[in-house]
Amino acid sequence: MKVNQAEFVISAVGPNQYPEGALPEIALAGRSNVGKSSLINRMISRKNLARTSSKPGKTQQLNYYRINTDLFFVDLPGYGYAQVSKTERQKWGKFIEQYLLEREHLKLVLHVIDLRHPPSKDDQAMHDWLRHNGVPRCVVVTKADKIPKGKWQKHIKIVRETLEMDKADPLVLFSSELGIGKEELWQIIEQRIGY
Ligand code: GDP
């Protein structure tokens, strides 16, 4: 997709703030600091539209970015931030769960994982939940530039095994730093939204 226009639309704190209309939505899930904002910026070739490193845990909101008049990227609050209270976590869970289960415009969840480390317990729980509920998903393993190329396959294998993914489940190797995986990910998104 050629991105001609990309703009921040809203930080929605509840369903009544979700944008109207029928544009398809591509959501990003992942633990705080995994690189979701950087991934959005790379996909749209902008340095800074999606805010990187916003205070983790403080963002109980869905950040909507409109790409052309073709789709929204929806950045979900990062999970797994240790200093968030249990009540906060539960609130997070309910809010996101509702969005992921009920939003009819949602076409795909990009589940962003750090290539350097085996998926955490939170990553596993998220993945299990998406699978269990039949939410269309694509695992994106990012920060590939932080691992030598010769070790990529080994790390990918660990991610696939830890998440108990099927052979056919899509996984894209990505680097926001270098742009690795950008075209492949656009193709998957385009296919999902019937572009
Ligand atoms: P978010 O909290 O998931 O939105 O994470 P950010 O996009 O803010 O990224 C967290 C940190 O990781 C920032 O310092 C980014 O510069 C860095 N980062 C994100 N993606 C990559 C990547 O692909 N490669 C490298 N080397 N650093 C990355």
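User: Where is Ser45 found?

Analyst: In this predicted model, Ser45 is found in the loop between H1 and S3. Ser45 counts as exposed, because it has 12 C-beta neighbours inside 10 Å.

User: What is the phi of Ser45?

Analyst: Begin with the general idea. Most residues other than glycine have a negative phi. Ser45 is not a glycine, and its phi is positive, near 55°. Asn33 also has a positive phi, of about 80°, although it is not a glycine. Asn33 belongs to the loop between S2 and H1. With 15 C-beta neighbours inside 10 Å, Asn33 counts as partly exposed.

User: How many helices and strands does the protein have, and in which pattern do they follow one another along the sequence?

Analyst: There are five helices and seven strands. Read along the sequence, the pattern is β-β-α-β-β-α-β-α-β-α-β-α.

User: In which order do the strands stand in the sheet?

Analyst: The order in a sheet is read across the strands. Here seven strands form an open sheet in the order S1-S3-S4-S2-S5-S6-S7, with mixed pairing. Strand S1 (6-12) and strand S7 (171-173) stand at the edges with a single partner strand each, so one side of each has no neighbour in the sheet. From one strand to the next, the twist averages 25°.

User: How many bridges join S1 to S3, and do the two run parallel or antiparallel?

Analyst: Six bridges join S1 to strand S3 (residues 62-67), and the two run antiparallel. As one case of residues facing each other, Ala12 stands opposite Leu62 in S3.

User: Which strands do helices H1 and H4 lie across?

Analyst: Helix H1 (residues 36-43) lies across strand S2 (25-29), S3, strand S4 (71-75), strand S5 (106-114) and strand S6 (137-142). Its direction is at about 160° to S4. Helix H4 (residues 152-162) lies across S5, S6 and S7, and runs at about 150° to S7.

User: Which residues of H3 are buried, and which are exposed?

Analyst: The general idea is that an α-helix has 3.6 residues a turn, so residues three or four places apart point the same way. In H3, the residues Asp123, Met126 and His127 are buried. They cover an arc of only 95° around the axis, which puts them on the same side of H3. Lys121, Asp128 and His132 are exposed on the other side of H3. The buried residues of H3 are covered by elements including S2 and S5. After H3 comes Gly134, with a positive phi near 65°.

User: What is the radius of gyration of the protein, and what share of its residues is buried?

Analyst: A compact globule of 195 residues would have a radius of gyration near 16 Å; the protein has 16 Å, which agrees. The C-alpha trace spans about 45 × 40 × 30 Å along its principal axes. Buried residues make up 33% of the 195 residues. Of the contacts with a separation of 6 or more, 74% join residues 24 or more positions apart.

Methods: Residues are numbered from 1 along each chain as its sequence is written. This is a predicted model: local features need pLDDT of at least 70, side-chain atom pairs count only at pLDDT 80 or more; totals for chains, interfaces and linings use all residues. Helices (H or I, at least four residues) and strands (E, at least two) are DSSP runs, numbered from the N terminus. The radius of gyration is taken over C-alpha atoms; the globule rule is 2.2 Å times the number of residues to the power 0.38. A residue is buried if 20 or more other C-beta atoms lie within 10 Å of its own, exposed if 12 or fewer, and partly exposed in between; C-beta atoms are placed from the backbone. Two residues are in contact if their C-beta atoms, placed from the backbone, lie within 7 Å. Two strands pair if DSSP finds at least two bridges between them. Axes are lines fitted to C-alpha atoms, for helices over the stretch in contact, and angles run from 0 to 180 degrees between N-to-C directions. The arc is that of the directions from the helix axis to the C-beta atoms.
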